[in-house]
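Reader: I am new to reading protein models. Please show me how to read one, feature by feature.

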Amino acid sequence: MSTSRRSVLGAALGGAAAATTGLPAAKAHAASWQLKWSPSANSDGLGAFETVEDDRAHSHPAGHPHIFATGDNWRFNIHTVDRDTSTDRQRQEVTGLRTGANSYLKWTEGQTWRITYSMYIPSTLKATTTFTHIMQMKQPGAGTSPIVVQSLRRLNGKQTIELRLATDDILVGRADLDPLHDRWTDVDFQIEVGNGSAGSVRWILKSGSATVVDQAKTGVDTFLADRVRPKWGIYRSLGDTSGSLQDTYLLLTNLRGYQLA
């Protein structure tokens with residue numbers, strides 16, 4: 001399937017109003033979003049990311065590569081036979097924002113960052129009764145807990161997409177998933193990295209010209225230790241009881257990273 005597009009969110013970032021969206025008035029006049037990361041799937045490929053976790057348990061060699069660039073998109077394939085190193089789950093993900101062969105961006109306490117991109121969720125990538133994450137914010141390192149998760153969650157039989165602060169189990173926002181299947185959705189995610197109650201997040205989804213969700217949380221914990229690192233791809237539990245697990249994929253395009261400065 002050939003599917004490609006450009007996000008409309010990036011164009012809005014050049015204006016002063018967009019640059020200060022969601023910020024307290026005092027900070028808004030003194031700061032603006034600075035572009036720090038703008039990879040191209042076509043030219044940068046998987047070199048856009050700090051690390052690539054493609055079947056790290058070597059469970060499905062016949063499916064390699066599960067993660068690859070195709071045209072303007074990054075594609076993440078996942079199959080029902082795939083297994084992670086913990087065999088009760090599946091994982092095909094990339095991490096971090098690489099800026100050079102030996103350099104990548106580090107999100108540290110006190111900084112504010114913004115990620116925009118477009119995602120294509122096919123109808124075969126369904127919400128599940130257990131976790132299915134398609135974006136995470138984590139502290140790097142083995143065994144570290146997620147800080148923020150964007151997930152496809154089935155609630156009372158209904159498919160939804162949600163953003164949740166995992167540390168304190170705080171729901172930021174939720175929307176119906178069905179209208180977003182088989183089309184491109186623009187994502188605008190903002191995070192102020194702060195410990196205890198010093199953090200904040202904002203999550204915006206747009207489908208065409210329509211805003212699907214625009215929700216924020218302030219006074220929340222968005223930092224564990226070291227730094228915060230984004231992850232994208234498909235990370236899901238095999239414990240689903242709705243029969244929703246099947247071979248599927250996720251497409252991402254037009255990834256952009258901004259720092260408030």
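Author: Start with a term. A salt bridge is a side-chain nitrogen of Lys or Arg within 4 Å of a carboxyl oxygen of Asp or Glu. This is a predicted model, where local features need pLDDT of at least 70, side-chain atom pairs count only at pLDDT 80 or more, and totals for chains, interfaces and linings use all residues. Residues are numbered from 1 along each chain as its sequence is written, and side-chain values use heavy atoms, with hydrogens and water left out.

Reader: How many salt bridges does a search of the whole structure find?

Author: The search finds 16. Take one pair. Glu 93 and Lys 231 form a salt bridge, and their closest N and O atoms are 3.0 Å apart. Glu 93 sits in strand β5 and Lys 231 in strand β16, so look at two distant parts of the chain, 138 residues apart. Strands (E, at least two residues) are DSSP runs, numbered from the N terminus.

Reader: Is Lys 231 buried or exposed?

Author: First the cut-offs. Buried means under 20% relative accessible area, exposed over 50%, and partly exposed in between, with a 1.4 Å probe and protein chains only. Lys 231 has 5% relative accessibility, so it counts as buried. Glu 93 is buried too, at 0%.

Reader: What about the pocket? How much space lies in the largest pocket?

Author: Here is the general idea. Rolling a probe the size of a water molecule over the atoms shows where empty space is left. A pocket is an open set of points on a 1 Å grid over the protein atoms alone, where a 1.4 Å probe fits, with protein on both sides within 12 Å along at least five of seven lines; lining residues have an atom within 4 Å of a point. A volume is the space filled by probe spheres set on the points, which are joined across faces, edges and corners. The largest pocket holds about 310 Å³. Its lining has 19 residues, and Arg 91, Lys 138, Gly 143, Thr 144 and Lys 231 lie nearest the centre. β5 (89–95), β9 (132–138) and β16 (229–237) each supply at least two lining residues.

Reader: Now a strand. Which residues of β4 lie on each side?

Author: In a regular strand the side chains alternate between the two faces of the sheet. In β4, Asn 73, Arg 75 and Asn 77 are on one side, and Trp 74, Phe 76 and Ile 78 on the other; all are buried.

Reader: Which strands pair with β4?

Author: Two strands pair if DSSP finds at least two bridges between them. Strand β3 (residues 67–70) pairs with β4 in the antiparallel sense over four bridges. There, Phe 68 has Arg 75 as its bridge partner. β3 and β4 form a hairpin with two residues between them, and Gly 71 in the turn has a positive phi of about 60°. Strand β17 (residues 248–260) and β4 are also antiparallel, over six bridges. In β17, Leu 250 is the bridge partner of Phe 76.
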